[in-house]
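This report covers helix packing and pockets in one protein model. The sequence and the structure come first, and the description follows.

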Amino acid sequence: MYLSSYVAAMITSDYKKQLFLVSVFACIYFSTLVYLGFPSRFYCTIMCYPFGTFLSIYKDKILKLIKEREWIVGIICVLLIGATYKFRANDIIMNISSIEFVLFIVWFLYFFEIKNNVLYFLGQHGFSIFILQRIPAILITRHISFEGGYKYPIILIDFVITIIISVLFDLVLDKVDKRFVAMIEGIRKS
């Protein structure tokens, strides 16, 4: 999806056209993986990405709507999540339900501020934790069995390793991003 954002940005500087392209790329990705028989976990929430792009572009309008119709928006979100909950085995419904849940979180956080250093830290590294969490789990379970009461120590070790590699990954990614942006700016100037 990051590649689709990059390609969309290279094609056009118009944010609305970028949103359209990212949405088309997400639909192509979804359809291709379904056709190829990939497990649902690879695409069941993929449409949250273009929806995040939509939220970014229309943030002011969406927040204005939430402010003006605060309880109506909240109730609609809860009702839609409830209406789709039992049908989430269908990947299209799961994508819709996931988008509704994201919108509910946006609604909730508009009215309620949660100040917690642990949650702040996890939020700062959320994407890295999400994409890297399976690596330590796979490596650990190859060498240690869940049998014999080791379940909770394994989960704790997995969590600690995931946090460490996520922080390191974010540090490296930040340096790569800065170099990449500098390179792009250099190309644009020349």
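This is a predicted model: local features need pLDDT of at least 70, side-chain atom pairs count only at pLDDT 80 or more; totals for chains, interfaces and linings use all residues.

Are α4 and α6 roughly parallel or roughly perpendicular to each other?

## Helices α4 and α6

Helix α4 covers residues 59-68 and helix α6 covers residues 91-111; their axes come within 11 Å and cross at roughly 65 degrees. The two helices are therefore roughly perpendicular to each other, since angles of 65 to 115 degrees count as such. The crossing of α4 and α6 is right-handed.

On the α4 side, the contact is made by I62, L63, I66 and K67, which meet L103, V106, W107, Y110 and F111 in α6. By class, this contact has 8 nonpolar residues, no polar residues and 1 charged residue.

## Helices α9 and α10

The axes of helix α9 (residues 134-143) and α10 come within 8 Å, with a crossing angle of roughly 140 degrees. That makes α9 oblique to α10, because only angles over 145 degrees count as roughly antiparallel. Here too the crossing is described as right-handed.

From α9, the residues P136, A137 and I140 meet I154, I157, D158, I161, T162 and I165 of α10. The contact of α9 with α10 divides into 7 nonpolar residues, 1 polar and 1 charged.

## Largest pocket

How much space lies in the largest pocket? The volume is about 1,300 Å³. The pocket is lined by 20 residues, and those closest to its centre are T45, G126, F127, F130 and I131. Two or more lining residues come from each of α3 (48-57), α6 and α8 (126-132).

Which element gives the most to this lining? Helix α8 does, with 4 residues. By class, the lining of the largest pocket holds 14 nonpolar, 4 polar and 2 charged residues.

## Second largest pocket

The second largest pocket holds about 360 Å³ of space. Its lining consists of Y2, F127, I131, F169, L173, V176, D177 and F180. F127 and I131 are also among the residues closest to the centre of the largest pocket.

Helices α8 and α10 (151-189) each supply at least two residues of the lining of the second largest pocket. The most comes from α10, with 5 residues. The lining of this pocket divides into 7 nonpolar residues, no polar residues and 1 charged residue.

Technical notes. Residues are numbered from 1 along each chain as its sequence is written. Side-chain values use heavy atoms; hydrogens and water are left out. Axes are lines fitted to C-alpha atoms, for helices over the stretch in contact, and angles run from 0 to 180 degrees between N-to-C directions. Angles under 35 degrees count as roughly parallel, over 145 as roughly antiparallel, 65 to 115 as roughly perpendicular and the rest as oblique. A crossing is left-handed if the near helix is turned anticlockwise from the far one by less than a right angle, and right-handed if clockwise. Contact means heavy atoms within 4.5 Å. Ala, Val, Leu, Ile, Met, Phe, Trp, Tyr, Cys and Pro count as nonpolar, Asp, Glu, Lys and Arg as charged, and the others, Gly among them, as polar. On a 1 Å grid over the protein atoms alone, a cavity is a set of points where a 1.4 Å probe fits but cannot get out, and a pocket is an open set with protein on both sides within 12 Å along at least five of seven lines; lining residues have an atom within 4 Å of a point. Grid points are joined across faces, edges and corners, and a volume is the space filled by probe spheres set on the points.
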